Amino acid sequence: MRFATVGALASVAPLAAAVKTEMTFAVLHFMQNQFLTEGPMDPVVNPGAQATHYHSIMGGSNFGINTRGDDLLSSNCTTTTIKNDKSNYWIPTCFFQDPKNPDSFEKVPLYYMNVYYFFEPTSDTIEAFPVGLKMLSGNATTRDPPQFGGGRNLDPSKGPIQPVQWTCPRQSYDPPSYPVDSDGTKAGMQDPNDKGAGAGFPLYDCDGTYSPLRQDIHFPSCYNPAAGIDDYEHNMAWPTTVDGLQNCPEGWIHVPHLFYEVYWDTPSFKDRWTPDGKTQPFVLSSGDATGYGSHGDFISGWDRDTLQTIIDTCNAGTAGMEHCPNIPGGANDVKDCSIKPELGSIVAVSEVLNALPLNCPVTGWGKGGVSSGTGSGSGSGSGSGSGSGSGSGSSSSSSKPASSTHPTSTSSGQSSPSQTGESTYKIQATGTTESASAPTGGAFLQLSDDASSSTAADSKPAVTAAAEAPASSEGGDADISTVWDVVTVTYTTTVQPESTPAPLRRRRVPFHTHGHIKRAMGHGHQHQS
């Protein structure tokens, strides 16, 4: 894929030092539209043990249940387009639950994934992540509607933090993707500023041209060195905005603001269900039928000099980090990087399971589960930028993972699950993850109320602490517009910073628009392939 940009790649000189008055960014692309590995592994929340649910992972090849930053630096390969980024990025996997057979589950194929690196306007010095920094955003156990409603909110002065959303571009929004008067208890809630986005899974097929269902996850950008790289519950917070500058508390370190966008190939199931405005067939591997429990994890495996060079010198936008000038180590030339999971086995796209991996029960929107009555984003932020808040209820993760099995499966061409082919997830190591009963900082927590539990089925929804958020840059940045032309390969011409390109495919793509940069950081865009 060749790129030509106007303005963005001309930013070869170091960006302004003392006060950074404008947001800049560069998108991290991945080499192929496939994950590094998949399985019940989460070295952030469940180090040394089986995770509570199945995940899909991108990044450095030294990923495992005990992964730390130093391990990642020595990875043999990475799925990212930057050779010296051996970080890991992961999310819960999306599954299709067949409406005609609720005991039948199929993995939704990945369409593609991007990670935005936003470098916020600030009087702080933005620094590279410390090696091994662990972050978590979102709450895997919640089935409650967000207190903030259907919109995305990263500014605590505007209400409870809501860093996760779902985007569903459609050819027509009549009927709307979410019930007009929804309170979130039986269906998701519309973003009041965007017909194509909201909280929770939409109720209609995402048939926008080359823009299927997208999972959006923002991460905070203030790191507390006093908490340390492993304490994902308390080591991160959102910056506060004063006079248009997003600054971290004194003594904290301003790091890049990560934004995951994960596109799932939901249109491939469009002939398998009939939208009725009441139900929808997609579910996360955690058993979440609402989508409110969307979340993402991160461990930094960056060579710090490489990331610092990108922070200081690159404003490549959606053209991608691989087009940044003078990158130490250069762009990645290894196209195929994959590993076997340390626990369990990878669910094939062709498989039909008779239960979700680890037998996680489907909960939410009338399918079971206990509501905490608080909504995601509950808690009170301090307003100081420290991300402090209070939550109710004690919580602890399990030190003894359950001996779970891979659900029985068949090929997708068979009408019913087979009674054979069962394989056991074997535990390679054990460990204990401690957590506080009332967190005093951090972004969003993935916690369990039952210390003996190792699956989402045994966990009550955790109460999430609100934290400080960067205000959106509304009014401060120019709109983003991208125009796409296709000949034989995709060639882009970008006006202003940039926006997200559609993936290269083997057929012509009509013009479309779905302004996710505007929603992410106060920008908008259009594109055509």
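Is Tyr112 buried or exposed, and what is its relative accessibility? Tyr112 counts as buried because its relative accessibility is 6%, where buried means under 20% relative accessible area, exposed over 50% and partly exposed in between (1.4 Å probe, protein chains only). Tyr111 also counts as buried, at 8% relative accessibility.

A word on the model: it is predicted, so local features need pLDDT of at least 70 and side-chain atom pairs count only at pLDDT 80 or more, while totals for chains, interfaces and linings use all residues. Residues are numbered from 1 along each chain as its sequence is written, and side-chain values use heavy atoms, with hydrogens and water left out.

**The chain as a whole**

The protein chain has 3 helices and 27 strands; helices (H or I, at least four residues) and strands (E, at least two) are DSSP runs, numbered from the N terminus. Of its 529 residues, 61% are buried. Take the contacts (heavy atoms within 4.5 Å) between residues at least 6 apart in sequence: 78% of them join residues at least 24 apart. The accessible surface of the protein chain is about 19,100 Å², and carbon and sulfur atoms account for 48% of that; accessible areas come from the Shrake-Rupley method with a 1.4 Å probe, and for residues only the protein chains shown count as cover.

**An open sheet and its strand E19**

An open sheet is built from 7 strands with antiparallel pairing, in the order E2-E8-E19-E13-E10-E12-E11. Strands pair if DSSP finds at least two bridges between them. At the edges, E2 (24-28) and E11 (189-191) each pair on one side only.

E19 is joined to E8 by 8 bridges, and the two run antiparallel. Strand E13 (residues 214-218) is joined to E19 (residues 257-264) by 5 bridges, again antiparallel. Here are some of the residues that face each other across these pairings:

| Residue | Partner in E19 |
|---|---|
| Tyr117 | Leu258 |
| His218 | Phe259 |

In a regular strand the side chains alternate between the two faces of the sheet. In E19, His257, Phe259, Glu261 and Tyr263 point one way, while Leu258, Tyr260, Val262 and Trp264 point the other way. E19 is mostly covered, with 8 of its 8 residues buried.

**Helix H2 and the cores**

Helix H2 (residues 304-313) has Thr306, Leu307, Ile310, Ile311 and Thr313 buried. The buried residues of H2 pack against strand E8 (110-119).

A nonpolar core is a set of buried Ala, Val, Leu, Ile, Met, Phe, Trp, Tyr and Cys residues joined through side-chain atoms within 4.5 Å. The largest one has 54 residues, and Tyr89, Met113, Tyr117, Phe129 and Tyr260 have the most contacts inside it. Elements that give two or more residues to this core include E8, E19 and H2, and E8 gives the largest share, 5 residues. Another core, of 15 residues, lies apart from it, with Met41, Phe63, Leu136 and Tyr232 among them.

**Aromatic pairs**

The structure holds 23 aromatic pairs. Rings of Phe, Tyr and Trp (its six-membered ring) pair if their centres lie within 6.5 Å; planes under 30 degrees apart count as stacked, over 60 as edge-to-face and the rest as tilted. Tyr111 and Tyr112 form a tilted pair, 6.0 Å centre to centre with 45° between the planes. Ring pairs also link Phe30, Tyr89, Tyr117, Phe129, Phe219, Tyr260, Phe298 and Trp302 into a cluster.
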